Amino acid sequence: MVRVRTTPASEAWRSILVAFTEVGDVLAAEMRAEVGLPLERYELLLMLAQAEGGAMRPSELAERRHLSRSGATRLVDRLEHDGLVERRACGNDGRGSLVALTDSGRQAFRAAGRVHLRGIERHVGARLDPDELVELTRLLRRITDGLQNEVSPTS
């Protein structure tokens, strides 16, 4: 057995990763079982539903989901094939396109959203009291805010 040196920060990080993975796996299984939608596709529908004007460029989707452009294209192709999104011409750039939810996509998003939110409440909210949830949110935002402040626009 290899002895691994741990620190409070490394233990916290490991706990974050394990919790995120475990909850994510359960949410994904519930989503597939109840609405037949993989979690990664729901997340893309969520981004589109929250986007200004209800549409985004494929490159924005790729960046926000940390996908390659080809990976984002394949994901959008699958959603388009399923009738959940459509590609539209970009008004200010004739060469570009936007991805937007279809009516079927909005319906699928709402159905999947109910499953997703119920799962989050069951698997996260029910395990922590309201004060702990506020504190966890505060701490995680402090980490992400610090990282965003460290990243320079040229990096």
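**Helix crossing and pockets in a predicted model**

Modeller: In this predicted model, helices H2 and H3 each supply at least two residues of the lining of the second largest pocket.

Biologist: What makes a residue part of that lining?

Modeller: A lining residue has an atom within 4 Å of a point of the pocket. For the second largest pocket, Phe20, Glu43, Leu46, Met47, Gln50, Arg64, Arg65 and His66 form the lining. The largest share, 4 residues, comes from H2.

Biologist: Which classes do the lining residues of the second largest pocket fall into?

Modeller: They divide into 3 nonpolar, 2 polar and 3 charged. The volume of this pocket is about 340 Å³.

Biologist: Why are H3 and H4 called roughly perpendicular?

Modeller: The axes of H3 (residues 58-65) and H4 (residues 69-81) cross at roughly 110°. Angles of 65 to 115 degrees count as roughly perpendicular, and H3 and H4 are therefore described in that way.

Biologist: How do you know which residues bring H3 and H4 into contact?

Modeller: Contact requires heavy atoms within 4.5 Å. By that criterion, Pro58, Ser59, Leu61 and Ala62 in H3 meet Arg69, Ala72 and Val76 in H4. This contact has 5 nonpolar, 1 polar and 1 charged residues.

Biologist: What is the lining of the largest pocket made of?

Modeller: The largest pocket holds about 1,200 Å³ of space and is lined by 29 residues, with Ile16, Ala19, Phe20, Val124 and Leu140 nearest its centre. The lining comprises 19 nonpolar, 6 polar and 4 charged residues. H1 gives the largest share, 10 residues.

How values were computed. Residues are numbered from 1 along each chain as its sequence is written. This is a predicted model: local features need pLDDT of at least 70, side-chain atom pairs count only at pLDDT 80 or more; totals for chains, interfaces and linings use all residues. Side-chain values use heavy atoms; hydrogens and water are left out. Axes are lines fitted to C-alpha atoms, for helices over the stretch in contact, and angles run from 0 to 180 degrees between N-to-C directions. Angles under 35 degrees count as roughly parallel, over 145 as roughly antiparallel, 65 to 115 as roughly perpendicular and the rest as oblique. Ala, Val, Leu, Ile, Met, Phe, Trp, Tyr, Cys and Pro count as nonpolar, Asp, Glu, Lys and Arg as charged, and the others, Gly among them, as polar. On a 1 Å grid over the protein atoms alone, a cavity is a set of points where a 1.4 Å probe fits but cannot get out, and a pocket is an open set with protein on both sides within 12 Å along at least five of seven lines; lining residues have an atom within 4 Å of a point. Grid points are joined across faces, edges and corners, and a volume is the space filled by probe spheres set on the points.
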